[in-house]
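This briefing goes through a two-chain model by topic.

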Amino acid sequence: MESLSSGLDKKTLSELRVAGFVNTRVAHLHLFKHVVRLCDLPPEELYASRDPEKWSEIIPNPPLAPDLRARRRKARESLAAIDSCGLRVGRPEGDLPCRTCSSADAQGAVDEAFSDLMASYLEAGRQAFEWAKRNVSERLPFLLAFRQNGQPGVRLKFVDNRKITGAGLLSRHGGEVLLLTCYRKDPGRPLSLLKLSLSRERAGHRNEGTLVPIQGC
Amino acid sequence: MSLPWWKPDEELLAATLAEIDERAAEVRRALAFVSSLPDQQPGRESGIPLDHDRAAATDHMGDLLDAVGTAVFLGASDTARDRLGDLLDSRAACDLAAAAVSRLIEESLSPALSGLMNDIYELVAAEDGDRECLEERIVDALAERDRVELAMEGARLLCGCEPELDDDSLAALASFDDLLRAELWRTLPLGDRRAARCAWAAPRYRERLWWWFRGCDLPHTALQDMQTVARVIHLFPEARQELERMLEAEQILDSLCAAGRDRGRGKVISLREYLLRKFRPKTSSSGETRQMFVCVSGPRGPYDLAASHYEEKPLYQTAELTVSTDGENLIVDIESPEKPLADRPPVLEAPDHAPLAARQAPEPNRFEFPLSNPVFSAPEAWLVVSLTTSERRIRLPFDERE
């Protein structure tokens, strides 16, 4: 699994599963930025009532309120009860507490309070990866694998027909993908343009010799 | 000659052209729909739709420009122009193109800025896990700048001139670029990911993606190396003069490049830099890497340049010979059944330098020129290879066309 010297074969690929985010801090950062839209955004987006990522198309209510203001209000109510969390009410707007959070207490309490929402978010990432695996081919690069800076680890990037984009690290033990990011970019944009973007990225890695070929595609 | 001609990635080119066809058809439909509307706003002669219709048409045009810009950067401008057909002469299409670029800047690029700068600041000191996450976020944010550049290039082809962006869009783009340019060095830990992000484009377009291209040949450890340099100067202040000499050498190279551009001859770089750029670090099957130092000469004396070395990279190939580099030497292999002329090793001839004869390598019919020789500071040279049947004169840099 680690060397993948001749590429990633279809069987190995089919057995890969998204295990979760690479760590709890990264998971919370992405949940509260992309889904709840409560932090790590420009000021105009922190107060906007329009959700550009439209996660309510993917995650049902509950756990995700379709109205963005109701979604934020509900999240703030839950966070208010977690004293050690930097996102609780009273923190300055635009603060980026998840990035530097090292409080195991806060992370545990947030995990518990947002377990349903986090599970749905992760499930969406898992489904996107599964779709990309099933549909990847030379002509349809919905998934690409590459190395960076000569490091042994393989990175994966994928997009599905619901415009969920994800990136992850292949675990060294094999079989698991640890998410580095998961978001929806321009859900109204044609899928073929996201495919074109991934095609550019794949061609660049191919020319640089950093592409990990997916055998049989 | 089979190398080093550059060819666009076939799958990417095919996907790009298919996308142009599809998006151009949508734009034509949108423009036709708008021109059929009876209640055009007074004073608007171009027939651009308003509000909802305008937004939809602008989206279609933005998508089309993305594909057209990709085609241009792949060196397929003529093909893209053929596919656009009647849209090329349309004033309405040109106005819509400018609106699409402005919208992209306003809705995609500007919102990405604050997060991007936060991520860039944190990258250097980030720990494992967080660092890879930051890298992905930075790459995604900079991809928005790609979209704007591709759309602008697409608009240039469509309109035949610079797109007429409104002042707010121009200011937002300039602001983004100024802030990014000042902090771009902090993205060096992305290493060869930056090179890969522009390597899909034809060589002459890569510099246009400057946020990826600038310094993309530097190792991902460059900022850590900077700390080493700081410690060296702290412990050995006498070494500062050597550092300043190196900086001066880099500036001379830059001014040579600028002079070359001014003369309209394209970018001028030393043969050494040209060859080292061609040479990319490779990963061994075990994933292990080893670093070595290549001693090279600057314009005024020798200095050490860090490079990664794993295998040879072929640069030029014919039936009779192969020219390659391993990062330390320029290597000439005479291919069987050809043989080198006895006592006539290959020679490198450069203006203002004495001819340099290659040394015989341990392997049969192999000759090497050390890149540390001052002749490689010249911007161009002729490689003369005397074979038993003929003499070959090969110009360096090699002829690279799209």
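Axes are lines fitted to C-alpha atoms, for helices over the stretch in contact, and angles run from 0 to 180 degrees between N-to-C directions. With angles taken in that way, helix α8 (residues 191-208) of chain A runs at about 20° to β2(A). The model is predicted.

**Sheet of chain A**

- Chain A has an open sheet of six strands with mixed pairing, in the order β1-β5-β4-β3-β2-β6.
- At the edges of this sheet stand β1 (17-21) and β6 (211-212) of chain A; each has a single partner strand, so one side of each lacks a neighbour in the sheet.
- Strands β4 (residues 164-170) and β5 (residues 176-184) of chain A run antiparallel and are joined by seven bridges.
- Within that pair, Thr181(A) of β5(A) has Ala167(A) opposite.

**Domains of chain A**

- Chain A is divided into domain 1, made of 10-21 + 125-212, and domain 2, made of 27-121.
- Between the C-alpha centres of domain 1 and domain 2 of chain A the distance is 26 Å.
- Domain 1 of chain A brings nine residues to the contact, and domain 2 of chain A also brings nine residues.
- On the side of domain 1 of chain A that touches domain 2 of chain A, β1 and β5 of chain A are the elements that give two or more residues.
- The most comes from β5(A), which gives four residues to that side of domain 1 of chain A.
- By residue class, the side of domain 1 of chain A that touches domain 2 of chain A has four nonpolar, three polar and two charged residues.

**Contact between chains A and B**

- The contact involves 41 residues of chain B and 39 residues of chain A.
- On chain B, the elements that each supply at least two residues of the side touching chain A are α1 (10-35), α2 (51-73), α4 (91-123), α5 (130-159) and α7 (192-198).
- The side of chain B that touches chain A consists of 16 charged, 13 polar and twelve nonpolar residues.

**Nonpolar cores**

- The largest nonpolar core has 64 residues, and Leu31(A) and Ile138(B) touch the most other members.
- Helix α7 (residues 115-135) of chain A supplies the largest share of this core, seven residues.
- Apart from neighbours within four places in sequence, Leu31(A) has contacts with Val36(A), Phe114(A), Leu117(A), Met118(A) and Tyr121(A).
- A second, separate core has 54 residues, among them Val101(B), Leu158(B), Trp200(B) and Leu209(B).

**Chain B overall**

- Chain B contains twelve helices and eleven strands.
- Of its 402 residues, 36% are buried.
- Among chain B contacts between residues at least 6 apart in sequence, 68% join residues at least 24 apart.

**Five-stranded sheet of chain B**

- Five strands of chain B form an open sheet with antiparallel pairing, in the order β3-β4-β5-β9-β8.
- Its edge strands, β3 (313-317) and β8 (359-360) of chain B, each pair on one side only.
- Five bridges connect β5 (residues 329-334) and β9 (residues 366-370) of chain B, paired in the antiparallel sense.
- In this pairing Phe369(B) of β9(B) is opposite Leu330(B).

- β10 (residues 381-386) of chain B has Ala381(B), Leu383(B) and Val385(B) on a covered face, and Trp382(B), Val384(B) and Ser386(B) on an uncovered one.
- Strand β6 (residues 347-349) of chain B pairs with β10(B) in the antiparallel sense over three bridges, and Leu348(B) stands opposite Leu383(B).
- Strand β11 (residues 391-396) of chain B runs antiparallel to β10(B) and is joined to β10(B) by six bridges; here Ala381(B) stands opposite Leu396(B).
- β10(B) and β11(B) make a hairpin, with four residues between the two strands.

**Helix α12 of chain B**

- Helix α12 (residues 271-278) of chain B is largely enclosed by the rest of the structure, because six of its eight residues are buried.
- The buried residues in α12(B) are Leu271(B), Arg272(B), Glu273(B), Tyr274(B), Leu275(B) and Leu276(B).

Technical notes
Residues are numbered from 1 along each chain as its sequence is written. Chains are lettered from A and ligands numbered from 1 in the order in which they are written. This is a predicted model: local features need pLDDT of at least 70, side-chain atom pairs count only at pLDDT 80 or more; totals for chains, interfaces and linings use all residues. A residue is buried if 20 or more other C-beta atoms lie within 10 Å of its own, exposed if 12 or fewer, and partly exposed in between; C-beta atoms are placed from the backbone. Two residues are in contact if their C-beta atoms, placed from the backbone, lie within 7 Å. Ala, Val, Leu, Ile, Met, Phe, Trp, Tyr, Cys and Pro count as nonpolar, Asp, Glu, Lys and Arg as charged, and the others, Gly among them, as polar. Two strands pair if DSSP finds at least two bridges between them. Domain bounds come from an automatic or database domain assignment. A nonpolar core is a set of buried Ala, Val, Leu, Ile, Met, Phe, Trp, Tyr and Cys residues joined through C-beta atoms within 7 Å.
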